[in-house]
Structures are given as structure tokens and as C-alpha cells.
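Hello,

Here is the structure you are taking over. Please look at it first, then read the notes below.

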Amino acid sequence: MTARIMPSLLSADFANLQAAIETIPGADALHVDVMDYHFVPNLTLGLPVVEAIRAVTPAMLDVHLMISDPDRWAPAYAEAGAESVTFHVEAAAAPVRLARELRHQGARAAMALKPATPIEPYADLLPELDMVLIMTVEPGFGGQRFLDLCLPKIERTRALLDRLGGDVWLQVDGGVSVETIERCAAAGVDSFVAGSSVFGAEDPDAMVTELRRLASAAAS
Ligand code: DX5
Ligand code: ZN
């Protein structure tokens, strides 16, 4: 398995996003955190900024919506050219309908779970998805400590996805670093969001390479 490393722009310089993006040419995708001061206690950016990012990079955009009412707002991000759109299942009124709509628009449809949300009630929904995001911190802020208590859920999600077959990606987000990435990879994760560990590094692109190396080795 070659791990995908998706740096979170939340830890980049918001006044110089284009320059920040240019420091990580080796990234597999750019993770963009949309927060609305309602679903989470923080406010970041929305559609106009995602459109502006889209205009300056051909990189895959992995948009993580930490917002209320994603049923209403998520399709616009697919329309704006995001290759992957993640909604929180805790916030979605009709996750199946929303996932189908995103796919119909040509985007990858992804569903996120907060640390206390179990995967089992959503097992039958997995064929509707292209990626499952298991949050490894409470969503809202970068730079938090990785929650080891999420590892059993990651393993159980991996088992459900293996039983299903196909190619649904399994992603983690929160506290991913050289200290924690191997645990995640060994538990079955293939896609890794990393914010502060990448943009806090002296050489962000070298950190992307190092994280990928560690994860790929731990998975095999
Ligand atoms: C947190 C965001 C993350 C955040 C991760 O709610 O969803 O994407 O940027 O930051 P780190 O890697 O610093 O934990
Ligand atoms: Zn995120």
C-alpha cells in the first residue's frame, strides 16, 4: 500500500495560501477545512476561498465540511471543482441522498465520523461512499493531540471495508504526525490528513515524503 498524504491547509498561512500550496508539490491532495461556527466552535473559510484555491492549483482538493446542513451546502463544493467532498454524518439529514448527489456531480463522496460516533450504524451505507473519514481529534482546531481511543474503530471500519471489497478509502484527520501515523497505517488507514506536522516542519514537502514512507512501511 502506498499511503496518501493530504496536508491540511488549516495550518498554512491563510494570507498566502498559494505560496503554502507551492511548498508541498509532493502532496497527494490538499485538505481544505470548512467550518461554520455552528457544527464546530471555529470559523475558517467557505466557497469563495475554495474557488480561489481551485483557480491556482491542479492538485486534488479534499474538502472537509464541518458544517451544519451539509445536505444544502455540500453540492456547491463539488460544483466548484473539489474532487472529494466530505460531510459529517452527525450533521447530514439524508446521507445516502447526499452521497448520491455528490457522486452524480462527479465528485468522490466521503462521510466523516467524530470520535464518539460509531461506524456500525452506517455499515450498510458504505457502498454509497468513496471514502470514510475517522476523526482522531474532536473537529474544530488544528494542533490537537491524537486520540488513541479511535484506533479500535479504525480497525473495525477496515474490516467492514475489506468485507465489502471495492476501493473505499479510509482516512484519518487530527494529530497525525511521525509519532502517530504508523499506528493508523497498521490499523488499516490509507489516507492521512496532516496539518501542523506538515506546515510546522522546516521542509513541509520533505515531511510529506517522510510521513508517506512511515505509513507505507507500517502497512505492509
Ligand atoms: C480539525 C481539522 C483538521 C486539522 C488537523 O478539525 O479537520 O483537518 O487541520 O490538524 P492537525 O494535523 O494539526 O491535527
Ligand atoms: Zn479536516
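The notes go from the whole chain to one strand and its neighbours.

This is a predicted model, in which local features need pLDDT of at least 70, side-chain atom pairs count only at pLDDT 80 or more, and totals for chains, interfaces and linings use all residues. Residues are numbered from 1 along each chain as its sequence is written, chains are lettered from A and ligands numbered from 1 in the order in which they are written, and side-chain values use heavy atoms, with hydrogens and water left out.

The protein has eight helices and eight strands (DSSP runs numbered from the N terminus: helices are H or I of at least four residues, strands E of at least two). Buried residues make up 56% of the 220 residues; buried means under 20% relative accessible area, with a 1.4 Å probe and protein chains only. The C-alpha trace spans about 45 × 40 × 30 Å along its principal axes.

Strand 7 (residues 169–173) is largely enclosed by the rest of the structure, because five of its five residues are buried. Trp169, Gln171 and Asp173 lie on one side, Leu170 and Val172 on the other.

Strand 7 pairs (at least two DSSP bridges) with strand 6 (residues 131–135) through five bridges, and the two run parallel. Trp169 is the bridge partner of Met131. Between these strands the chain passes through helix 5 (residues 151–164).

Three bridges join strand 7 to strand 8 (residues 191–194), also in parallel. Here Asp173 has Val193 as its bridge partner. The chain reaches strand 8 from strand 7 through helix 6 (residues 181–186).

Regards

Note on methods: Buried means under 20% relative accessible area, exposed over 50%, partly exposed in between (1.4 Å probe, protein chains only). A crossover is right-handed if, with the strands pointing away from the viewer, the path from the first strand over the helix to the second runs clockwise.
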